[in-house]
Amino acid sequence: MLSKVFSGATVGLNGVLIEVEVDIPSQGLPAFNIVGLPDKAVEEAKERVRAAIKNSGADIPPKRITVNLAPADLPKEGPSFDLPMAVGILAASEQLPQVDLTESLFLGELSLDGSLRHTAGVLPLVLLAKEKKFKKVYLPLVNTQEASVVAGVEVYPVSNLLQLFKHLSGVENITPAPVTSFSTLIDQTPFEFDFAEIQGQEQAKRALIIAAAGGHNVFMKGVPGSGKTMLARAYPGILPELTEEEAMEVTKIYSITGNLQENQSVIRHRSFRSPHHTTSRIGLIGGGAHPMPGEISLAHRGVLFLDEFPEFPRHVLEALRQPMEDGVVTISRAAGTVSYPAQFSLVAAANPCPCGYYGSDNKPCKCLPGQISRYQKRVSGPILDRIDIHINVPQVKVEKLIESSRGAEKSESIQKKVQNARNIQLKRFNNTKFKSNSEMSTRAVKEFCSLSAGCETLMRQAVSQVNLSARSYYKVIKVARTITDLEESQEITSSHIAEALQFRPKEID
Ligand SMILES: Nc1ncnc2c1ncn2[C@@H]1O[C@H](COP(=O)(O)OP(=O)(O)OP(=O)(O)O)[C@@H](O)[C@H]1O
Ligand SMILES: [Mg+2]
């Protein structure tokens, strides 16, 4: 007999409908074949499905079983087709009573004992089910939290094949999971450091507040032990909350890469990714034979922290140039082209030279001039030009360290100010594709950042004195816009421009 069950696969961040057809003719030698460009994990489903069906008390008929995954020209990856195949086999071998399977979508990886395991890529497929007007989705119980934010489709959490078998046979029904509203989801994971714990470093803190408010890139340069890594690790605590739309985008990326934990729901905090400098180009940008998102996409709408910036191989850093500009990375392979969003803000930290003390008042630098310039040149001019805010993080004075930090502002209260500034931006960019000042195009800068005559004069002076590139020119205005938003004022003044100009690099070697 022939049966047809629906499932889905992800291409990029979107789901594609897959029809799982199972044919079990009454004649033919016993065999189990899967066709439709299966990869190794799909191919191995044979063994999992066979064992799971047996261990759930049903039978695998000793006949010629053919499973077709249509459309045939789309490569199928991963173990999420286990469940639809098992259901298809049970239906085709007439072990399931005649039930209408056409309005349901099935997905999930099976264990040999028939239980369902946590499966990657569930959220995009539930959204697909909703889009294609399916009524029900059957998925692993441990993925329910992730799926339950999607309203308009019934989500059935399944813990094992036997339970699903009983449900489909009408013996014991599974209750659909209630829909969780986005606003009730709160993430209370504490942050590693609080801003109040960082002594001194007022200028660096101010720079990070501006960066958080406008989504700007930051480059921190300073002597060893001055607190660069600490500042960066405290940074997530002051970032604005993700909007619902942003959170869904980020969760989709985490879902397809298998980075979403069991029972984890939609991601609420902006992500903070800090890959080590030995990370490969594919690890950072994304790619592989079946292109997967890299760290820059996992940092989408969040922060990519590159500590010890000059230690990253140059070809790895150069690969950041295009995504930093476009906010999206497109990877082409023989198998096809996929695009992943990568709208991240970069936070980079570096020492000024190999020994770390160049320019320090307290300790002499032991490096030769050639060594210093070679070290600084490891990061190319075009990359530095893409960074809006450059700061020096000097060593903190001992008196500052001993001082009580009681009066220091806590991350929580800073976050509120940052959130305020971001809300102003969200309102401003209501009908555009931008979410923060840093994303503005040149045209948007002209539209939303009108400069007074005084500001224009200041900018003109800066262009001639500091030798600003065209890109930097607009970046200064964008940073000034953010400073204005933090003050909740409308007009950019020359003091805003002057502060923004302070964040330009002092020297680009
Ligand atoms: N401003 C500060 N206030 C409080 N503690 C600090 C400060 N700066 C540094 N520290 C302490 O010193 C430790 C080391 O600082 P951190 O790792 O941030 O230095 P760094 O600038 O990243 O150095 P490196 O260049 O060697 O990577 C921190 O974990 C913290 O305990
Ligand atoms: Mg460090």
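The structure is a predicted model, in which local features need pLDDT of at least 70 and side-chain atom pairs count only at pLDDT 80 or more, while totals for chains, interfaces and linings use all residues. Residues are numbered from 1 along each chain as its sequence is written, and chains are lettered from A and ligands numbered from 1 in the order in which they are written. The protein is divided into domain 1 (2–180) and domain 2 (197–417), with bounds that come from an automatic or database domain assignment. Helices (H or I, at least four residues) and strands (E, at least two) are DSSP runs, numbered from the N terminus.

**Domains and their contact**

- The C-alpha centres of domain 1 and domain 2 are 40 Å apart.
- Domain 1 puts 17 residues into the contact and domain 2 puts in 18 residues; two residues are in contact if their C-beta atoms, placed from the backbone, lie within 7 Å.
- On the side of domain 1 that touches domain 2, β1 (2–11), α4 (122–131) and α5 (144–147) are the elements that give two or more residues.
- With 3 residues, α4 gives the most to this side of domain 1.
- This side of domain 1 has 9 nonpolar, 6 polar and 2 charged residues. Ala, Val, Leu, Ile, Met, Phe, Trp, Tyr, Cys and Pro count as nonpolar, Asp, Glu, Lys and Arg as charged, and the others, Gly among them, as polar.

**Ligand 1**

- There are 14 residues around ligand 1, and Pro224, Gly227, Lys228, Thr229 and Met230 come nearest. A residue is near a molecule or strand if its C-beta atom, placed from the backbone, lies within 6 Å of it.
- Helix α8 (residues 228–234) gives the most to this shell, with 3 residues.
- The shell around ligand 1 consists of 4 nonpolar, 9 polar and 1 charged residues.

**Helix packing**

- The axes of α4 and helix α9 (residues 244–256) come within 7 Å and cross at roughly 120 degrees. Axes are lines fitted to C-alpha atoms, for helices over the stretch in contact, and angles run from 0 to 180 degrees between N-to-C directions.
- α4 and α9 are therefore oblique to each other. Angles under 35 degrees count as roughly parallel, over 145 as roughly antiparallel, 65 to 115 as roughly perpendicular and the rest as oblique.
- Val122, Leu123 and Pro124 of α4 meet Thr251, Lys252, Ser255 and Ile256 of α9.
- Helix α7 (residues 202–214) packs against helix α20 (residues 470–486) at an angle of about 95 degrees, and their axes are 9 Å apart. That makes α7 roughly perpendicular to α20.
- Ile210, Ala213 and Gly214 of α7 make this contact with Lys478, Val479, Thr482, Ile483, Asp485 and Leu486 of α20.
- By class, the contact of α7 with α20 has 5 nonpolar, 2 polar and 2 charged residues.

**The sheet**

- An open sheet is formed by 5 strands in the order β11-β14-β17-β10-β18, with parallel pairing. Two strands pair if DSSP finds at least two bridges between them.
- β11 (272–273) and β18 (389–393) are the edge strands, each pairing on one side only.
- Strand β14 (residues 303–306) runs parallel to strand β17 (residues 345–350), and 4 bridges join them.
- Val303 has Ser345 as its bridge partner in β17.
- α7 packs on the sheet and touches β10 (218–222), β17 and β18; the direction of α7 makes about 155 degrees with that of β18.

**Backbone features**

- Most residues other than glycine have a negative phi, and most peptide bonds are trans.
- The peptide bond from Ala70 to Pro71 is cis, with omega near 0 degrees. Pro71 is in the loop between β4 (64–70) and α3 (82–92).
- Asn263 is not a glycine, yet has a positive phi of about 60 degrees. Asn263 is in the loop between α9 and β11.
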